[in-house]
Amino acid sequence: MFGVVPKSIWQKTNPADETNMCSWAMRCLLCGLNTQNEQMVCETCDKTLPRPSSYCQQCANTTALPTTKCELCIENPPPFENTYALFTYRTPITELITRYKFHEQFMIGAFLTNQWILFFKEHVDILPPLLIPVPLHPA
């Protein structure tokens, strides 16, 4: 059964593999076009995501040149050592976060989680001893 639909009905259009798993078409979270990409964003939209090219490694503020610490962190160090930023907080990331927080589009949370997993797989050497998530707050 898939929900309340018997397997004999849905397997005609979406046959299960040897482990009884189905491959469903996914729509890109940004443009809505079909994608077979397990990252939940099509390749075209993935290229438009605002990934920071250079930022302060302590506070994550954008900097003109790659640096370990920006002037603000040198003058007045925050009480933490590092900040890792997957994206710059601008469109379309701001829109995705709004849809996740206020419109219950929880697939966006899965997408962001997957992006962190991919990041730390590539950067095993900087895997922090502790991750502190920022909780969602009701509006």
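Modeller: Ground rules. Residues are numbered from 1 along each chain as its sequence is written, and side-chain values use heavy atoms, with hydrogens and water left out. In this predicted model, local features need pLDDT of at least 70 and side-chain atom pairs count only at pLDDT 80 or more, while totals for chains, interfaces and linings use all residues.

Biologist: Why is Cys28 called buried?

Modeller: Buried means under 20% relative accessible area, exposed over 50%, and partly exposed in between (1.4 Å probe, protein chains only). Cys28 has 4% relative accessibility, so Cys28 counts as buried.

Biologist: And Cys31: what makes Cys31 partly exposed?

Modeller: Its relative accessible area is 36%, so Cys31 is partly exposed.

Biologist: How do you know that Cys28 is in no disulfide?

Modeller: A disulfide is a pair of cysteine sulfur atoms within 2.5 Å. The structure holds 0 disulfides. For Cys28, the nearest cysteine sulfur is that of Cys31, 3.7 Å away.

Biologist: What is Val41 in contact with, leaving aside its neighbours within four places in sequence?

Modeller: Contact means heavy atoms within 4.5 Å. On that count Val41 is in contact with Cys28, Leu29, Leu30, Thr35, Asp46 and Phe111.

Biologist: What makes a set of residues a nonpolar core?

Modeller: The set holds buried Ala, Val, Leu, Ile, Met, Phe, Trp, Tyr and Cys residues, joined through side-chain atoms within 4.5 Å. The largest such core has 16 residues. Leu29, Val41, Phe87, Leu96 and Phe111 have the most contacts inside it. Helix 5 gives the largest share of this core, 5 residues.

Biologist: What makes a stretch a helix?

Modeller: Helices are DSSP runs (H or I, at least four residues), numbered from the N terminus; strands are runs of E, at least two. Ile93 is found in helix 4. Ile93 is also buried, because its relative accessibility is 4%. Ile93 touches Leu49, Pro50, Phe87 and Thr88, not counting residues up to four places away in sequence.

Biologist: Why is a space called a pocket rather than a cavity?

Modeller: Both are found on a 1 Å grid over the protein atoms alone. A cavity is a set of points where a 1.4 Å probe fits but cannot get out. A pocket is an open set with protein on both sides within 12 Å along at least five of seven lines. Lining residues have an atom within 4 Å of a point.

Biologist: How much space lies in the largest pocket?

Modeller: About 1,600 Å³. Of the 36 residues that line it, Tyr84, Trp116, Ile132, Pro133 and Val134 are the closest to its centre. Helix 4 (93–102) and helix 5 (107–122) each supply at least two lining residues. The second largest pocket has about 280 Å³. Its lining counts 14 residues, with Arg51, Leu86, Gln115, Phe119 and Glu122 nearest its centre.

Biologist: What stands out in the backbone?

Modeller: Most residues other than glycine have a negative phi, and most peptide bonds are trans. Thr91 and Pro92 are joined by a cis peptide bond, with omega about 5°. Glu104 is not a glycine, yet its phi is positive, about 55°. Glu104 sits in the loop between helix 4 and helix 5.

Biologist: Is Glu104 buried or exposed?

Modeller: Exposed, because its relative accessible area is 61%. Ala60 also has a positive phi, about 75°. Ala60 is partly exposed, because its relative accessible area is 22%.

Terms used
Grid points are joined across faces, edges and corners, and a volume is the space filled by probe spheres set on the points.
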